Amino acid sequence: MTKNTPIHFATFNVSLSADVPGQIRSELESNSKRIQKLAATIQSCRPDVLLLCEFDHPGKGGDDGSLALFCERYLEVGQFGQDPVYYPHRYLPPTNTGLPVFSSDDASQSPEKAQGFGRWHGQYGFVVLSRFPLLVDEVKTWQHFLWKDLPNNAIPKGYYSDDVLEHRRVSSKNHIALPIDIHGHVVTLVACHPTPPVFDGPEKRNYRRNADELKLLEAIISNEAYLVDDEGKAGGVTEDMPFVIMGDLNADSVNGDGDKEAIASLLNHERTEKSVRPCSNGAVEYLSHGEGENKALATHNRGLRLDYVLPSTDFNILNQGVFWPSRQEPLHSLITDSRGRLSFDAPSDHRLVWLDVTLN
């Protein structure tokens with residue numbers, strides 16, 4: 001990769017998750033109009049490296065064929081006037097969602113008791129698609145990193161038993177550092193999908209866990225000495241490694257219910273590029289009568305900035321944005337339901353976030 005070679009990164013929570021295993025695969029097999037719209041959104045932006053959050057797949061890192069089906073029947077077929085897009089390199093990280101803390105637990109009945117919220121092992125997973133080779137043999141993951149081992153953690157006192165704390169992991173899905181070979185230069189994708197900081201009680205276990213998942217993410221790009229990955233290797237991303245953070249981080253530094261200091265700390269980290277503030281006219285239009293600040297930065301129907309593509313300072317920023325077309329734009333229909341509304345029946349409640357960069 002030369003300094004003049006633009007690379008296009010994007011992250012997109014596609015809401016391809018269901019409480020019943022195999023339900024998303026069945027939808028993929030049905031020539032779903034909803035999924036066609038998701039594919040057309042990706043085709044219109046044409047990222048080189050793409051992270052998809054909430055894409056169901058077997059929790060142990062297996063492959064039930066859903067991702068290949070999505071690529072072959074949807075992305076590799078032009079949708080709504082868009083050209084096909086091809087991703088020969090794919091990675092399905094193992095996930096903590098729906099994985100019981102103890103073998104006697106039934107996550108299908110009590111998903112909040114799983115390592116990461118989910119009714120079955122693999123619900124709400126995330127996947128990586130790339131035009132460039134993924135160096136999967138060199139990936140570092142922190143799926144098994146225990147919450148209690150995170151320094152200065154925010155575990156709610158007295159909420160979990162000592163036995164649970166000996167097994168409870170901090171990452172609700174996984175935290176990964178995946179090297180990508182881009183024209184002979186290695187760029188590390190750092191990805192995760194922290195739990196939403198809501199749906200809990202007065203102990204605020206999800207609020208606290210979201211903040212600590214962000215703290216683990218920050219530790220990875222800081223190469224903290226206390227880190228030990230799932231293979232027993234110390235450290236995270238070293239200073240000589242350009243990286244791009246991607247994911248639905250479920251945190252907004254201005255609005256919403258999360259720990260605003262935790263996400264602000266990540267955004268203001270010495271290694272992250274401060275000029276990244278992707279916007280859209282569609283968000284401003286849709287949220288014009290709502291409360292809150294920084295509406296143009298929103299990536300979610302609720303007016304929150306939850307989804308991020310955040311590069312290290314090793315990159316030049318060429319362009320950036322959020323795929324949120326305004327009502328008068330032809331592609332607005334890609335984010336609405338059959339009645340032209342943003343609703344639970346729309347393709348996703350999140351928007352694709354994209355970034356075009358070159359290396360310094």
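A: What follows goes through a sheet, a core, some charged pairs and a few single residues.

Q: What should I know before we start?
A: This is a predicted model, in which local features need pLDDT of at least 70 and side-chain atom pairs count only at pLDDT 80 or more, while totals for chains, interfaces and linings use all residues. Residues are numbered from 1 along each chain as its sequence is written, and side-chain values use heavy atoms, with hydrogens and water left out.

Q: OK, in what order do the five strands of the open sheet come?
A: The order is β5-β6-β7-β8-β9, with mixed pairing. Strands here are DSSP runs of E with at least two residues, helices are runs of H or I with at least four residues, and both are numbered from the N terminus. Two strands pair if DSSP finds at least two bridges between them.

Q: And which strands stand at the edges?
A: Those are β5 (140-141) and β9 (307-311), and each has a single partner strand, so one side of each is left without a neighbour in the sheet.

Q: How many bridges join β6 to β7?
A: Eight bridges join β6, residues 175-182, to β7, residues 185-192, and these two strands run antiparallel. One of the bridge pairs is Ile182 with His185, the latter being in β7.

Q: Switching topic, how many residues are in the largest nonpolar core?
A: That core has 94 residues, and Phe9, Ile42, Leu52, Phe70 and Leu75 have the most contacts inside it. Its largest share, seven residues, comes from helix α5, which spans residues 205-222. A nonpolar core is a set of buried Ala, Val, Leu, Ile, Met, Phe, Trp, Tyr and Cys residues joined through side-chain atoms within 4.5 Å. Buried means under 20% relative accessible area, exposed means over 50%, and partly exposed is in between, using a 1.4 Å probe and protein chains only.

Q: Which residues does Leu75 touch?
A: Not counting residues up to four places away in sequence, Leu75 touches Ala39, Ile42, Gln43, Phe70, Pro84, Val85, Tyr87 and Leu129. Contact here means heavy atoms within 4.5 Å.

Q: Now the charges: how many salt bridges does the structure hold?
A: The structure holds 13 salt bridges, where a salt bridge is a side-chain nitrogen of Lys or Arg within 4 Å of a carboxyl oxygen of Asp or Glu. One of them joins Glu76 and Arg90, whose closest N and O atoms are 3.6 Å apart. Glu76 lies in the loop between α3 (66-75) and β3 (89-91) and Arg90 in strand β3, so the pair ties together parts that are 14 residues apart in sequence.

Q: What about the pair Asp314 and Arg271, how far apart are the closest N and O atoms?
A: In that salt bridge the closest N and O atoms are 3.2 Å apart. Asp314 lies in the loop between β9 and β10 and Arg271 in the loop between α6 and α7, so this pair ties together parts that are 43 residues apart in sequence. Asp314 is partly exposed at 22%, whereas Arg271 is buried at 10%.

Q: Then what polar contact does the side chain of Arg351 make?
A: The side chain of Arg351 makes a polar contact with the side chain of Asn301, at 2.4 Å. A polar contact is a pair of N or O atoms within 3.5 Å; within protein, one must be able to donate a hydrogen and the other to accept it, and residues adjacent in sequence count only if both atoms are side-chain atoms.

Q: Where is Arg351, and what does it touch?
A: Arg351 is in the loop between β10 (315-322) and β11 (353-359). Leaving out residues up to four places away in sequence, Arg351 touches several residues, including Thr11, Phe12 and Trp324.

Q: Where is Thr11 found?
A: Thr11 is in strand β1, residues 7-16, and Thr11 is buried, with a relative accessible area of 0%.
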